[in-house]
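Here are my notes on this one, as promised. Have a look at the model first, then read the points below alongside it.

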Amino acid sequence: EVYNQGLQTLYYVIGVSSAAIFLFGVMIFILLENLFTYRFSKLIKEVERIGKTKNFKERLTEGKRDEIGALTVEINQMLEALLLSQEVEKKLNIFLKAQAKETAEKSIALEEQIAETNKSKLAILNLLEDIESEKKKVDETVVVRTRELVEEKARLISSINSIPFGFVVANIDNKILLKNKVITEMFAFGDERDLFIEDIAK
């Protein structure tokens with residue numbers, strides 16, 4: 001009987017001890033799990049907040065030197081790289097906008113210059129056309145006037161040659177400019193030299 005009671009007591013102690021150890025292990029596991037989960041959840045929330053705000057200047061809170069702490073350091077390094085990339089992108093956008101504005105201004109100025117050049121070119125072409133038209137008119141007038149002068153000279157010479165007496169036309173230097181056939185036949189003058197009034201007054 002004593003032996004049986006001793007066995008029951010031993011079983012009871014072993015059972016209680018096992019249950020206590022099990023409960024203690026579960027509590028430790030839950031505690032560690034909660035601690036790890038809390039830190040990891042906090043890390044995720046901070047990353048999500050930074051992702052929404054796009055403020056890459058913010059940094060995650062670095063904690064213990066464990067896996068989560070190492071992950072936090074790596075994420076902070078990534079944020080630093082993103083911040084640098086963001087700043088480079090901003091500077092690049094500013095530069096590209098300035099270049100685009102300058103290019104647009106130069107393009108507008110060039111278009112204005114081209115338009116002005118085309119206007120000048122058109123004006124010059126119109127002027128050349130007007131000059132060419134006037135030149136043709138002048139040439140036609142000169143041709144007509146020359147023909148008229150030739151005809152008038154021919155008529156004048158014919159009229160002078162029909163005069164039955166000697167007739168000459170001289171300038172103020174007494175140089176004979178025009179003479180009729182009577183003078184030519186009378187004095188036998190040729191056309192190889194200049195004649196003066198003194199030549200026929202001898």
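**Notes on the model**

1. Lysine 137 and glutamate 134 are about one helical turn from each other because they sit three residues apart in helix α2 (helices are DSSP runs of H or I, at least four residues, strands are runs of E, at least two, and both are numbered from the N terminus). The two form a salt bridge, with 4.0 Å between the closest N and O atoms; the rule asks for a side-chain nitrogen of Lys or Arg within 4 Å of a carboxyl oxygen of Asp or Glu. Lysine 137 is partly exposed at 47% relative accessible area, and glutamate 134 is partly exposed at 45%. On this scale buried means under 20% relative accessible area, exposed over 50%, and partly exposed in between, using a 1.4 Å probe and protein chains only.

2. Before going further, some housekeeping. This is a predicted model, in which local features need pLDDT of at least 70 and side-chain atom pairs count only at pLDDT 80 or more, while totals for chains, interfaces and linings use all residues. Residues are numbered from 1 along each chain as its sequence is written, and side-chain values use heavy atoms, with hydrogens and water left out.

3. How many salt bridges are there by this rule? The count is five. Another of them joins the side chains of lysine 135 and aspartate 139, at 3.1 Å from N to O. Both residues lie in helix α2, four residues apart, or about one turn of the helix. Lysine 135 is partly exposed at 45% relative accessibility, and aspartate 139 is partly exposed at 35%. As background, an α-helix has 3.6 residues a turn, so residues three or four places apart point the same way.

4. Further along there is arginine 145, which forms a salt bridge with glutamate 148, the closest N and O atoms being 3.2 Å apart. These two are separated by about one helical turn because they are three residues apart in helix α2. Arginine 145 comes out partly exposed, with a relative accessible area of 40%, and glutamate 148 is partly exposed too, at 34%. Through shared partners, salt bridges link Arg145, Glu148 and Glu152 into one network.

5. Now α2 as a whole. The helix covers residues 67-161, 95 residues in all, and reaches 135 Å from its first C-alpha to its last. That is close to the 141 Å expected at 1.5 Å a residue, where the expected span is 1.5 Å times one less than the number of residues. Its buried residues are Ile68, Gly69, Thr72, Ile75, Asn76, Leu79, Leu83 and Ile160. Glutamate 89, also in α2, is partly exposed at 47%.

6. Which residues make up the largest nonpolar core? There are seven: Leu43, Ile50, Phe56, Ile68, Ile75, Leu79 and Leu83. The elements giving two or more residues to this core are α1 and α2, and α2 gives the most, with four. A nonpolar core here is a set of buried Ala, Val, Leu, Ile, Met, Phe, Trp, Tyr and Cys residues joined through side-chain atoms within 4.5 Å.

7. Helix α1 spans residues 2-53 and includes asparagine 4, which is partly exposed at 45% relative accessibility. The C-alpha atoms of asparagine 4 and isoleucine 108 are separated by 110 Å, the two being 104 residues apart along the chain. Phenylalanine 29, also in α1, counts as exposed at 53%.

8. Last, two loop asparagines. Asparagine 180 sits in the loop between β2 (176-179) and α3 (181-187) and is buried, with a relative accessible area of 1%. Leaving aside neighbours within four places in sequence, asparagine 180 is in contact (heavy atoms within 4.5 Å) with Ile160, Asn161, Ile163, Phe165, Gly166 and Phe167. Asparagine 174, in the loop between β1 (168-170) and β2, is partly exposed at 32%. Asparagine 174 has a positive phi of about 65° although it is not a glycine. For context, most residues other than glycine have a negative phi.
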